[in-house]
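The sequence and coordinates are shown first.

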Amino acid sequence: MVESPREFFETLASRVDSSKAAGLTATYRFEIDGAGSWFVDVDDGNVTVSEDGGDADCTISASSETFMKIANGEQNPTVAYMSGKLKVKGDMGQAMKLQKLF
C-alpha cells in the first residue's frame, strides 16, 4: 500500500508486471490535484516515469484523495470516472488498458 501519489509514481516502474505490459505502447500524464503531475511512458513492457514530458496519448486527472483510493484498491476507477471524480482526456482506450497493469 502506497502512502502518497509521489510514492506511487516513484515506485511504479518496479511494481508493474512487465508481462502484463508487453505489447502496450502508450504515454500517460497524471495530474493529481495538490500532489503534482507525472508522465508515464509504457513501451512494450518497459515503464518509465518522470515529472516532465511532452504531450501524452491520455491525460488522467483526479484529486489526491481519489487517486490514492484507486491506487490502494479502495475505489474502482470506472466508478470514479462515471461519478466525475476521475477525468480522462485523450485516448479512452489507452486509459482502459491501465487497469490491467496495476
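## Salt bridges and fold

At 32% relative accessibility, Lys-69 counts as partly exposed. The model in which this residue sits is a predicted one. The side chain of Lys-69 meets that of Glu-65 in a salt bridge, with an N to O distance of 3.4 Å. Glu-65 is exposed, its relative accessible area being 54%. Because Lys-69 and Glu-65 are four residues apart in helix H3, about one helical turn separates them.

The count of salt bridges comes to three.

| Salt bridge | N to O distance |
|---|---|
| Arg-6 and Glu-51 | 2.7 Å |
| Lys-69 and Glu-65 | 3.4 Å |
| Arg-6 and Glu-10 | 3.9 Å |

Arg-6, Glu-10 and Glu-51 are linked in a network of salt bridges. Arg-6 is partly exposed at a relative accessible area of 34%, whereas Glu-10 is exposed at 58%. Arg-6 lies in helix H1 and Glu-51 in the loop between E3 and E4, so this pair ties together parts that are 45 residues apart in sequence. Glu-51 counts as partly exposed, with 47% relative accessibility.

### The sheet and its helices

In what order do the five strands of the open sheet lie? The order is E3-E2-E1-E4-E5, and the pairing is mixed. Strand E3 (46-50) and strand E5 (86-90) are the edge strands, each pairing on one side only. On average, neighbouring strands of this sheet are turned by 20° against each other, direction ignored.

Strand E1 (residues 25-33) and E2 run antiparallel and are joined by eight bridges.

E2 and E3 run antiparallel and are joined by five bridges, and the bridge partner of Val-42 in E3 is Val-47. Two residues lie between the strands in the hairpin of E2 and E3, where Asp-44 takes a positive phi near 50°. E1 and E4 run parallel, with six bridges between them; Ile-32 has Ala-62 in E4 as its bridge partner. Five bridges join E4 to E5, and these strands run antiparallel. Cys-58 stands opposite Gly-90 in E5.

### Core and burial

E4 is largely enclosed by the rest of the structure, because five of its six residues are buried. In H3, Thr-66, Phe-67 and Met-68 are buried, and what covers the buried residues of H3 includes H1, E1, E4 and H4.

The largest nonpolar core has 26 residues, and those with the most contacts inside it are Phe-9, Tyr-28, Phe-30, Val-40, Val-42, Ile-60 and Phe-67. At least two residues of this core come from each of H1, E1, E2, E4, H3 and E5. E1 gives the most, with four residues. Residues up to four places away in sequence not being counted, Phe-9 touches Phe-30, Ile-32, Trp-38, Val-40, Val-49 and Phe-67.

### Two further residues

Ser-37 lies in strand E2 (residues 36-43) and counts as partly exposed, with 23% relative accessibility. The side chains of Ser-37 and Arg-29 are joined by a polar contact of 3.1 Å. Leaving aside neighbours within four places in sequence, Ser-37 is in contact with Arg-29, Phe-30, Glu-31 and Glu-51. The C-alpha atoms of Ser-37 and Ser-61 are separated by 9.1 Å, although the two residues are 24 residues apart along the chain.

H3 is followed by Gly-73, with a positive phi near 75°. Gln-75 lies in the loop between H3 and helix H4 (77-82). Is Gln-75 buried or exposed? Gln-75 is buried, because its relative accessible area of 18% is under 20%. Leaving aside neighbours within four places in sequence, Gln-75 is in contact with Lys-69, Ile-70 and Ala-80.

Terms used. Residues are numbered from 1 along each chain as its sequence is written. This is a predicted model: local features need pLDDT of at least 70, side-chain atom pairs count only at pLDDT 80 or more; totals for chains, interfaces and linings use all residues. Side-chain values use heavy atoms; hydrogens and water are left out. Buried means under 20% relative accessible area, exposed over 50%, partly exposed in between (1.4 Å probe, protein chains only). Contact means heavy atoms within 4.5 Å. A polar contact is a pair of N or O atoms within 3.5 Å; within protein, one must be able to donate a hydrogen and the other to accept it, and residues adjacent in sequence count only if both atoms are side-chain atoms. Two strands pair if DSSP finds at least two bridges between them. Axes are lines fitted to C-alpha atoms, for helices over the stretch in contact, and angles run from 0 to 180 degrees between N-to-C directions. A nonpolar core is a set of buried Ala, Val, Leu, Ile, Met, Phe, Trp, Tyr and Cys residues joined through side-chain atoms within 4.5 Å. A salt bridge is a side-chain nitrogen of Lys or Arg within 4 Å of a carboxyl oxygen of Asp or Glu.
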